[in-house]
Amino acid sequence: MNTTVTEQLTPAGRRIEHESFSIIDREAGPHGYTPEQWTIVRRMIHATADFEFNGLTRFHPGAVAAGAAAILAGRPIVADVEMICVGLSRPRLAHFGVTTHQFIADEDVIAAARAGNSTRAVQAMRKAQARGLLNGGIVAIGNAPTALLEVVRLIREESARPALVIGMPVGFVSAVESKAALAGIADTPWIVTDGRKGGSTLAVAALHALLALAEARQQA
């Protein structure tokens with residue numbers, strides 16, 4: 001890919017990263033991903049040293065195109081936790097005019113969760129929807145299955161229309177079910193990791209890969 005903004009900043013850093021990708025390509029074995037999908041899966045493997053994501057990662061047919069287009073249009077990224085926002089490269093986001101948002105620790109979110117006997121993650125997604133951030137934006141969930149279940153509900157019941165949902169919550173309660181629910185949606189693009197594995201690191205890796213793909217399209 002022809003990228004500069006989304007590459008490592010030094011020649012030494014780029015050399016190490018490219019060598020890592022070459023090792024992953026050699027050791028990963030066969031897969032059925034498209035080249036652009038593999039760019040995302042490979043970066044997820046790079047972030048975790050876990051080759052099981054070659055197979056655990058699934059894509060809606062329109063996921064990569066929708067994600068790259070949203071980035072090129074400067075649409076916001078809504079995350080379930082601050083860790084995702086902190087993990088994303090500020091210069092790379094700024095290049096596209098992309099802003100990040102998370103509301104998990106907001107006082108009104110905490111109060112609403114207590115009053116409604118729900119979770120902060122649920123109320124944070126509702127706040128994002130109320131602020132108009134979900135429609136046309138990218139939703140990235142790496143920690144809270146209840147956040148993903150709420151996004152699915154907002155899509156089905158309140159006509160929320162994210163450009164892309166990255167559903168990779170990790171855990172033992174509702175993680176598997178929340179991803180299956182997202183994968184059952186046909187008209188909203190998604191990327192999921194099947195099973196219990198997930199995490200904010202994976203969501204960040206997927207987003208960085210999408211930023212690189214967006215830059216490649218920008219430079220084409």
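What share of the contacts in the chain with a separation of 6 or more comes from residues 24 or more positions apart? Such residues account for 70% of these contacts, where a contact means heavy atoms within 4.5 Å. The structure is a predicted model, in which local features need pLDDT of at least 70 and side-chain atom pairs count only at pLDDT 80 or more, while totals for chains, interfaces and linings use all residues. Residues are numbered from 1 along each chain as its sequence is written, and side-chain values use heavy atoms, with hydrogens and water left out.

The chain contains 11 helices and 6 strands; helices (H or I, at least four residues) and strands (E, at least two) are DSSP runs, numbered from the N terminus. With a radius of gyration of 17 Å, close to the 17 Å given by the globule rule for 220 residues, the chain is as compact as a globular protein of that length. The radius is taken over C-alpha atoms, and the rule is 2.2 Å times the number of residues to the power 0.38. Along the principal axes, the C-alpha atoms fill a box of roughly 50 × 35 × 30 Å. Of the 220 residues, 52% are buried, with buried meaning under 20% relative accessible area, exposed over 50%, and partly exposed in between (1.4 Å probe, protein chains only).

Now to the aromatic rings. A pair of aromatic rings is described by the distance of the centres and the angle of the planes. Rings of Phe, Tyr and Trp (its six-membered ring) pair if their centres lie within 6.5 Å; planes under 30 degrees apart count as stacked, over 60 as edge-to-face and the rest as tilted. The count comes to 2 aromatic pairs. Tyr33 and Trp38 are stacked, at 6.2 Å centre to centre with 25° between the planes, and both Tyr33 and Trp38 are buried. Tyr33 and Phe59 are edge-to-face, at 5.8 Å centre to centre with 75° between the planes. This second pair links distant parts of the chain, 26 residues apart: Tyr33 sits in the loop between α1 (11–28) and α2 (35–48), and Phe59 in strand β1 (residues 57–59). Phe59 counts as buried because its relative accessibility is 13%. Together, Tyr33, Trp38 and Phe59 form one aromatic cluster.
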